[in-house]
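The following questions and answers examine how structural terms are applied to a model.

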Amino acid sequence: MKIGIVGTGAMGSVYAALLGDSGNEIWAVDSWAEHVVAMAQNGLTLEGASGTRTVKINATTDAAAVGPCDLVIIATKAMDVEVAAKGARAMLGTDTVVLTIQNGLGSSAKVAAALGVERVVLGVVGGFGASITAPGKAHHNGMELVRLGEMNCPVSNRVENLAELWRGAGFTVKCFDDMDQLVWEKLICNCAFSASSALTGWTVGEVIADKDAWSVARNCALEAYSVARARKICLDIDDPIRYVRDFGANIPAARPSMLLDHMAGRRSEIDAINGAIPVAATHVGMKAPVNETVSALVRAKEEKFMNASG
């Protein structure tokens, strides 16, 4: 299968390496020229929970150079997804399926608006703890779960076929009839560890181990869970605190992407993760003061380092 991956940061590189190593033709599209050159010249090296491998892939900064693909994966950050989706139009053929995989809320609607809702399948991943260690090189701490589903209907044949493709590359995959469930179950974990790690500079395990940091993290998760329940989202979670603790315990050395963004001096996806909870809460007559507070602190921190660099 010819697969185009738009956005080969930490998670996009995991997808590219494992899907490429299982025999697919991979085209990586990324704006980071140094990373693209390294992948094109030396292959993409992935280390960590799945083992160590270097995979030969195609890499470019120009989506128009790729041509039509069987599958296009949009793997950018939430704030970049609209631009990425519009750029991916050049990669579409008559029957191309678009799989969009982002943290937080709102990205799938932007991809559907740009590329057509009939093409779009939604993915949510968790428990990988991935990072870029150098241009052309990535690492991941875990390999928990890939969730797949249609945007507006139950699991289809194409979702089942995608699941088999990913399983063939070594991923654990579960298909969902309910898109909201797969988004919110991941979002609850993201709310626990994203802002708390970004503000403390700590790994997931360090947040869990510290009484005060864990109090903030668990309350962020509890607010997200309560809002989801109030919105009548179907969740396969009985105890949200145990759920996020168990999730974090599987990847204690991981640095969430929000922390990695801050370490690199970049803006994060705060508005699509913790910052999305107070907005969603207002629609059901609730408030989410802990998520509102940590979001404000993350934005203030980002404003300071963005001003310093600019």
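Q: How do the axes of helix H6 and helix H9 lie to each other, and why are these helices called roughly perpendicular?
A: The axes of helix H6 (residues 179-200) and helix H9 (residues 240-249) come within 10 Å and cross at roughly 75°. Angles of 65 to 115 degrees count as roughly perpendicular, under 35 as roughly parallel, over 145 as roughly antiparallel and the rest as oblique; H6 and H9 are therefore roughly perpendicular to each other. Axes are lines fitted to C-alpha atoms, for helices over the stretch in contact, and angles run from 0 to 180 degrees between N-to-C directions. Helices (H or I, at least four residues) and strands (E, at least two) are DSSP runs, numbered from the N terminus.

The model is predicted: local features need pLDDT of at least 70, side-chain atom pairs count only at pLDDT 80 or more, and totals for chains, interfaces and linings use all residues. Residues are numbered from 1 along each chain as its sequence is written, and side-chain values use heavy atoms, with hydrogens and water left out.

Q: Which residues in H6 meet residues in H9?
A: Contact means heavy atoms within 4.5 Å. Glu185, Ile188, Cys189, Ala192 and Phe193 in H6 meet Tyr243, Val244, Phe247 and Gly248 in H9.

Q: What makes E4 and E9 the edge strands?
A: Four strands form an open, mixed sheet in the order E4-E3-E10-E9. Strand E4 (53-55) and strand E9 (130-134) each pair on one side only; pairing requires at least two DSSP bridges between two strands.

Q: How do you know that E9 pairs with strand E10?
A: Four bridges join E9 to E10 (residues 137-140), and these strands run antiparallel.
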